[in-house]
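Subject: Structure handover

Hi,

Here is the structure I promised to pass on to you. Please have a look at it first, and then read my notes below.

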Amino acid sequence: MVPHLTTALNGPLLSLEKSMLGAMPKIEHWFRTQWLEHAAPFYASVDLRNSGFKLAPVDTNLFPGGFNNLNPEFLHLSVQAAMVAVEKVCPEAHRLLIIPENHTRNTYYLHNVVELANILKQAGMHIRIGSISPEITVPTRFETQGGQTLLLEPVVRVGNRIKLPQSSIDGVTLDEFDSCAILLNNDLSGGIPEILKDLEQDLIPPLYAGWSTRRKSQHFSAYNRVASEFAQLIGIDEWLLNPYFDTCGEIDFNARTGEECLAAKVELLLEKIRLKYAEYGVTQEPFVIVKADAGTYGMGIMTVKSPDDVRALNRKTRNKMSVVKEGLEVSEVIIQEGVYTFESINDAVAEPVVYMMDHFVIGGFYRVHTGRGVDENLNAPGSHFVPLAFEKPCTLPDCAGAPDAAPNRFYAYGVVARLALLAAAIELQEQNPLNQ
């Protein structure tokens, strides 16, 4: 499936893709040297936006929750990458405990946990799913979207380890489970639970990767450095793959404090974008996305085209912007250059999401929303997902083919997603308490 790219087929993005294809050996060598210096996160997903004149990451998730949306034909890529990722964390591991999010009512998310467990099982691991939710006090089966069954077991802490105690369900005894490493598929938006603190087992990703401590602005600061070096490497304008951003702290949407600071920074950023649009002959209206500096699930996000939009927020929008997942109050926001998406599937607006494990691209999907525009956040209720059906793995471009051939377009996606992954690796390295 090659989506209809209304501007990418005849705009500067073809030039960007040609630059990447022409520099492919140089790019892959550069990535190899980077991974020698920086440890890739265990897994990640990156939201991209393709506006034809620009291809850029707009969000990087270190606790990806959409493994159920990946194309099953590329399962072997996931399994091979998982083998490498596990060997790096705990080479002798044969048991791995997954700790998912607490929201057991989201059957799509539970399907994601099943698929993630399947990948790791096929990589040769013994997998069990342990819950830290206070609601899970005994082993409990849940049915997922798609009809699979997921068994969640309550974890217990014994000294500086967490494990699954011996228990039973439906007359079947479940042995005690003590794992070498613990894989978090829980982004810790509500803070770091006591049961996970000061463990001797390897926690992947580390606790400081969660939204209780992580900030999007830290990630994009690291991405600024990565994009700058990469742009120099292949001789392009860094802006073609890097969205401008700024931050505003000490904001309270309900009390309307910090509003003028936000409006002023929006105005400055819009002016920077206008200058770039003029340089490249882009006729669209510049916009920015204002979103919580910490948090996920598409909450606390709005599109802004003028500083007056900030000053004129109605009560409903202020309420929406003031709280994100787990009831976390928003006091810091990132103001990010809005990147149009001119990709569409069946006349609905779409954006690619690329999944990686260790430093390998393992697949992705299109997030599609029939009720949103080309300048809006698509990670919202009403979105659906279309697996990326790569004609070839996106790490294998067709150098002799047209730049808009599917493998080449997807190679470009894979390159930019890996740039964001590298930024996440640097971000985690700098946030590691042992390095401070």
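Rings of Phe, Tyr and Trp count as a pair if their centres lie within 6.5 Å. By this rule, the model, which is a predicted one, holds 15 aromatic pairs.

One of these pairs is Y355 with F365: the ring centres are 5.5 Å apart and the planes meet at 45 degrees, so this pair is tilted. Y355 belongs to strand β19 (residues 348-357) and F365 to strand β20 (residues 360-369), so the pair ties together parts that are ten residues apart in sequence. Y355 and F365 are both buried. The two also belong to a cluster, in which ring pairs link F42, Y43, F67, Y355, F365 and F385.

Two lysines are worth a look as well, if you like rings. K54 lies over the face of Y244, at 6.0 Å from the ring centre. K216 does likewise with W211, at 5.5 Å from the ring centre.

Now for the cysteines. How many disulfides does the model have? The count comes to one disulfide, and C248 and C261 are the residues joined, with 2.5 Å from S to S. This pair links distant parts of the chain: C248 sits in strand β14 (residues 245-248) and C261 in helix α6 (residues 259-280), 13 residues apart. Are these cysteines buried or exposed? C248 has a relative accessibility of 1%, so C248 counts as buried, whereas C261 is partly exposed, with a relative accessible area of 32%.

Terms used
Residues are numbered from 1 along each chain as its sequence is written. This is a predicted model: local features need pLDDT of at least 70, side-chain atom pairs count only at pLDDT 80 or more; totals for chains, interfaces and linings use all residues. Side-chain values use heavy atoms; hydrogens and water are left out. A disulfide is a pair of cysteine sulfur atoms within 2.5 Å. Helices (H or I, at least four residues) and strands (E, at least two) are DSSP runs, numbered from the N terminus. Buried means under 20% relative accessible area, exposed over 50%, partly exposed in between (1.4 Å probe, protein chains only). Rings of Phe, Tyr and Trp (its six-membered ring) pair if their centres lie within 6.5 Å; planes under 30 degrees apart count as stacked, over 60 as edge-to-face and the rest as tilted. A charge sits over a ring if NZ of Lys or CZ of Arg is within 6 Å of the ring centre and within 35 degrees of the ring normal.
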